[in-house]
Amino acid sequence: MAVKIVAFITVKPGSEEDFIAAARTCVAASRAEPGVLHYELWRENEGAQRFVFNELYVDDAAVQQHMASDHFKALGLAARDIATARPEIIVAHAIDVAD
């Protein structure tokens, strides 16, 4: 069953471009993972310091594989010093309501 993840990360003022640079490698590598259906980084208009990862995986195993990847771990290390707090992460599973 598909898994949707939305992660919100707020960075310190002046660190936005550093975060984008760190995220660039992770986003490119994540899009190449076999279980990743969709992986995007967005930036909120208001305040400009909160970023949103919009992710879609084929199943929970693909999520676990992503979280164990070197590029995901590298982004976490890079963001540790520039994020204002731990990320807010929403995990949701698909519900088939089609007739």
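Rings of Phe, Tyr and Trp (its six-membered ring) are taken as a pair if their centres lie within 6.5 Å, with planes under 30 degrees apart counted as stacked, over 60 as edge-to-face and the rest as tilted. This is a predicted model, in which local features need pLDDT of at least 70 and side-chain atom pairs count only at pLDDT 80 or more, while totals for chains, interfaces and linings use all residues. Residues are numbered from 1 along each chain as its sequence is written, and side-chain values use heavy atoms, with hydrogens and water left out.

**Aromatic pairs**

The structure holds three aromatic pairs. Select Phe19 and Phe53: their ring centres are 6.2 Å apart and their planes stand at 75°, so the pair is edge-to-face. Phe19 lies in helix H1 and Phe53 in strand S3, so this pair ties together parts that are 34 residues apart in sequence; helices (H or I, at least four residues) and strands (E, at least two) are DSSP runs, numbered from the N terminus. Tyr39 lies in strand S2 and Phe53 in strand S3, so the pair ties together parts that are 14 residues apart in sequence. Both Tyr39 and Phe53 are buried, and Phe19 is buried too, where buried means under 20% relative accessible area, with exposed over 50% and partly exposed in between (1.4 Å probe, protein chains only).

**The nonpolar core**

Of its 21 residues, Ile9, Phe19, Tyr39, Phe53, Tyr57 and Leu75 touch the most other members. Two or more residues each come from strand S1 (3–10), helix H1 (16–31), strand S2 (36–43), strand S3 (50–57), helix H2 (60–67) and helix H3 (70–80). The largest share, five residues, comes from H1.

**H1 against H3**

Finally, show H1 and H3, which pack at an angle of about 170° with their axes 9 Å apart; axes are lines fitted to C-alpha atoms, for helices over the stretch in contact, and angles run from 0 to 180 degrees between N-to-C directions. The contact (heavy atoms within 4.5 Å) is made by residues including Phe19, Ala22 and Cys26 of H1 and Phe72, Leu75 and Ala78 of H3.

Terms used:
Core = buried A, V, L, I, M, F, W, Y, C linked by side-chain atoms within 4.5 Å.
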